[in-house]
Amino acid sequence: MSTELPLIGDYSTPTTQLSGARIGVVTFPGTLDDRDAARAVRAAGAEAVSLWHADTDLQDVDAVVIPGGFSYGDYLRAGAISRFAPMMDKIVDAANSEAKLPVLGICNGFQILTESHLLPGSMIKNDHLKFLCRDQLLRVENNQTAWTNGYEAGQEITIVLKNQDGQYVADEKTLDMLEAENRVAFSYVGWNPNGSRRSIAGISNEAGNVVGLMPHPEHAIEAGFGPDHRGTDGLTFFTSVLTHLVGGKK
Amino acid sequence: MPRIVVDVMLKPEILDPQGKAIAGALPRLGFTSFEAVRQGKRFELFVDGEVTDEILAQAREAAETLLSNPVIEDVVNVEVVAD
């Protein structure tokens, strides 16, 4: 097992895997952020396991991250082609099974999860039509999910937002249902950066094991490289799922 | 070669930012008669040989499962075009 040495910080004590958890990171053709997601998994103290979209073996992972990028070039619709990957069939089954595999979809991963119908709604182009890359303030609306239990309810965090198809849309009935069932996981604070309905940045499924969001927690896990060169607000996603896996969920 | 044309449009209640941008550009070019624009997608599925009912049914299924996302889009037309 290899451990990742952060580039700055006090690492006088040897780093070891803090838990035996194995977290899969899926790579599709056109995925960009799989390496960063794997690094975030290791920074949280778990082992990152690379999963290839065309394989069908989940390799007994305890959780899965579907990272961002432009799988299949966003041809057709963002996430539309990846959704039919053999690995996605396995992930959908495992997420819906009694074991309720925790799944986190980030950016293009979120789009793949909506196309897979693991999460409701869909993403269309930003209302201003521009690609946007910025440090984004979010409010944690639901800290009861597998991926958010380490946050305080209502906590404001800053992580990176970078996309062109980031406008979350769903019909009014679905939006009402998401709010009534406390399934809005994250909201944009202040300016709505893409026209998302009700400023929704991320949502969860009913059981709380599947979470998807447009901003990128995996880019905010390490001092020196996150938002404002110091933000590490994203690391809690990856430590939350470890807490969840050992049964310590709130 | 005969082909099956599939037209997909965003549902009327879904905002179409691309259509809005086009609508903004039209009057700048002197096209002032158009109130609104909606942009859609046209797919052409080429068939080697005759388009049977079975092939047409396959095209309709593909249109509903892959070519469109029923959450945000409608398949508004599936038709055979013979050349």
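User: What helices and strands does chain A have, and what kind of model is this?

Analyst: Chain A has five helices and 11 strands. The model is a predicted one.

User: What makes the radius of gyration of chain A agree with a compact globule?

Analyst: A compact globule of 250 residues would have a radius of gyration near 18 Å, and chain A has 17 Å, so the value agrees with the rule. Along the principal axes, the C-alpha atoms fill a box of roughly 50 × 40 × 35 Å. Of the 250 residues, 56% count as buried.

User: How far apart in sequence are the residues that contacts in chain A join?

Analyst: Taking contacts between residues at least 6 apart in sequence, 75% join residues at least 24 apart.

User: Why is A:Cys107 called buried?

Analyst: The cut-off for a buried residue is 20 or more other C-beta atoms within 10 Å. A:Cys107 has 29 C-beta neighbours inside 10 Å, so A:Cys107 counts as buried. A:Cys107 is in the loop between β4 (103-106) and α3. Leaving out residues up to four places away in sequence, A:Cys107 touches A:Gly68, A:Asn163, A:Met214 and A:His216.

User: Is A:His216 buried or exposed, and how do you know?

Analyst: A:His216 has 26 other C-beta atoms within 10 Å, and is therefore buried. A:His216 lies in the loop between β11 (210-213) and α5 (235-245). Beyond four places in sequence, the residues A:His216 touches include A:Asp33, A:Ile159 and A:Lys162, as well as A:Cys107.

User: Which residues does UniProt list for "active site", and how do you know that they gather at one spot?

Analyst: The unreviewed UniProt entry lists A:Cys107, A:His216 and A:Glu218. They span 112 residues in sequence, but no two of their C-alpha atoms are more than 10.9 Å apart, so they gather at one spot.

User: Where is A:Thr114, and what makes A:Thr114 buried?

Analyst: A:Thr114 is in helix α3 (residues 108-115). With 27 other C-beta atoms within 10 Å, A:Thr114 reaches the cut-off of 20 and is therefore buried. Among the residues A:Thr114 touches, not counting those up to four places away in sequence, are A:Gly79, A:Met123 and A:Gly212. A:Thr114 and A:Ile221 are 107 residues apart in sequence and 25 Å apart in space, C-alpha to C-alpha.

User: How many residues does the contact take from chain A and from chain B?

Analyst: The contact takes 10 residues from chain A and nine residues from chain B. On the side of chain A that touches chain B, four residues are nonpolar, two are polar and four are charged.

How values were computed
Residues are numbered from 1 along each chain as its sequence is written. Chains are lettered from A and ligands numbered from 1 in the order in which they are written. This is a predicted model: local features need pLDDT of at least 70, side-chain atom pairs count only at pLDDT 80 or more; totals for chains, interfaces and linings use all residues. Helices (H or I, at least four residues) and strands (E, at least two) are DSSP runs, numbered from the N terminus. The radius of gyration is taken over C-alpha atoms; the globule rule is 2.2 Å times the number of residues to the power 0.38. A residue is buried if 20 or more other C-beta atoms lie within 10 Å of its own, exposed if 12 or fewer, and partly exposed in between; C-beta atoms are placed from the backbone. Two residues are in contact if their C-beta atoms, placed from the backbone, lie within 7 Å. Ala, Val, Leu, Ile, Met, Phe, Trp, Tyr, Cys and Pro count as nonpolar, Asp, Glu, Lys and Arg as charged, and the others, Gly among them, as polar. UniProt positions are given in the numbering used here, feature names are shortened, and annotations may be inferred rather than shown by experiment.
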